[in-house]
Amino acid sequence: MTITLTVNGVDHAVDAPPDTPLLYVLRDDLALNGAKYGCGLGQCGACTVHVDGKPVFSCVTPVAAVAGRRVRTVEGLGTVDTPGILQQAFIAEQAAQCGYCISGMIMRAQALLDGVRRPTDAQIRAHMQPNLCRCGTHGRILKAVRRAADMMGGTVPQAVRS
Ligand code: FES
Ligand code: FES
């Protein structure tokens, strides 16, 4: 079955069974390897991408469900040479240890900052909750999201900074 989807602003026609996980199509057909396979069960967030601006677990999203919709992956935020703001912030805070969760973390954080320019500490924590980091770098990830919010022009209330 040929399915057409738009990824990072580019239209693609992929030939895949309709129940193929979006994650597999991104990685195996489109060579977009930022999103990672962690649990494959919608429980860790390593595979997080955006569909029409909302964060989804691409490991449990059938590709047929995103036909004609806008998919955004971490590759759409920036490049190695010109990293996006969240990518810059994660680098500045050295938020990665092994790095496996980071693509998903950045995409979940981007969804927050797309809608809330001045997130509180509680909002950031609640929003990031579905994404897990086995290395335990959550504190640095939180700082990176705060930093990105500052860089984007939002000012995180002083009371929630540390
Ligand atoms: S790999 Fe998709 S939620 Fe874990
Ligand atoms: S940095 Fe290793 S899982 Fe998060």
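Two residues are taken to be in contact if their C-beta atoms, placed from the backbone, lie within 7 Å, and helices (DSSP runs of H or I, at least four residues) and strands (runs of E, at least two) are numbered from the N terminus. The structure described here is a predicted model, in which local features need pLDDT of at least 70 and side-chain atom pairs count only at pLDDT 80 or more, while totals for chains, interfaces and linings use all residues. Residues are numbered from 1 along each chain as its sequence is written, and chains are lettered from A and ligands numbered from 1 in the order in which they are written.

The protein is divided into domain 1 (2-73) and domain 2 (85-154), with bounds that come from an automatic or database domain assignment. The C-alpha centres of domain 1 and domain 2 lie 21 Å apart, and the contact draws 13 residues from domain 1 and 11 residues from domain 2. On the side of domain 1 that touches domain 2, the elements giving two or more residues are β3 (48-51) and β4 (54-57), and β3 gives the most, with three residues. Sorted by class, this side of domain 1 holds six nonpolar, five polar and two charged residues, where Ala, Val, Leu, Ile, Met, Phe, Trp, Tyr, Cys and Pro count as nonpolar, Asp, Glu, Lys and Arg as charged, and the others, Gly among them, as polar.

The strands β3 and β4 belong to an open sheet of five strands, with the order β2-β1-β5-β3-β4 and mixed pairing, two strands being paired if DSSP finds at least two bridges between them. The edge strands are β2 (10-15) and β4, each of which pairs on one side only, and the twist averages 40 degrees from one strand to the next. Strands β3 and β4 run antiparallel and are joined by four bridges, and valine 49 has valine 56 of β4 as its bridge partner. In the hairpin of β3 and β4, two residues lie between the strands, and aspartate 52 takes a positive phi near 50 degrees.

Helix α3 (residues 102-115) lies across β3 and β4 and runs at about 35 degrees to β3; axes here are lines fitted to C-alpha atoms, for helices over the stretch in contact, and angles run from 0 to 180 degrees between N-to-C directions. The axes of α3 and α5 come within 11 Å and cross at roughly 40 degrees, which makes α3 oblique to α5, given that angles under 35 degrees count as roughly parallel, over 145 as roughly antiparallel, 65 to 115 as roughly perpendicular and the rest as oblique. The crossing of α3 past α5 is right-handed; a crossing is called left-handed if the near helix is turned anticlockwise from the far one by less than a right angle, and right-handed if clockwise. Met105, Ala109 and Leu113 of α3 make this contact with Ile141, Val145, Ala148 and Ala149 of α5, a set that divides into seven nonpolar, no polar and no charged residues.

Helix α5 (residues 138-151) also packs with helix α2 (residues 85-92), their axes coming within 8 Å and crossing at roughly 135 degrees, so that α2 and α5 are oblique to each other. Helix α2 passes α5 in a right-handed crossing, and the contact is made by Ile85, Leu86, Ala89, Phe90 and Ala92 of α2 together with Ala144, Arg147, Ala148 and Met151 of α5. The residues of this contact comprise eight nonpolar, no polar and one charged.

A further contact of α5 involves helix α4 (residues 121-128), where the axes come within 11 Å and cross at roughly 120 degrees, and α4 and α5 are therefore oblique to each other. Helix α4 likewise passes α5 in a right-handed crossing, with Ile124, Arg125 and Met128 in α4 meeting Ile141, Leu142, Val145 and Arg146 in α5. By class, the contact of α4 with α5 has five nonpolar, no polar and two charged residues.
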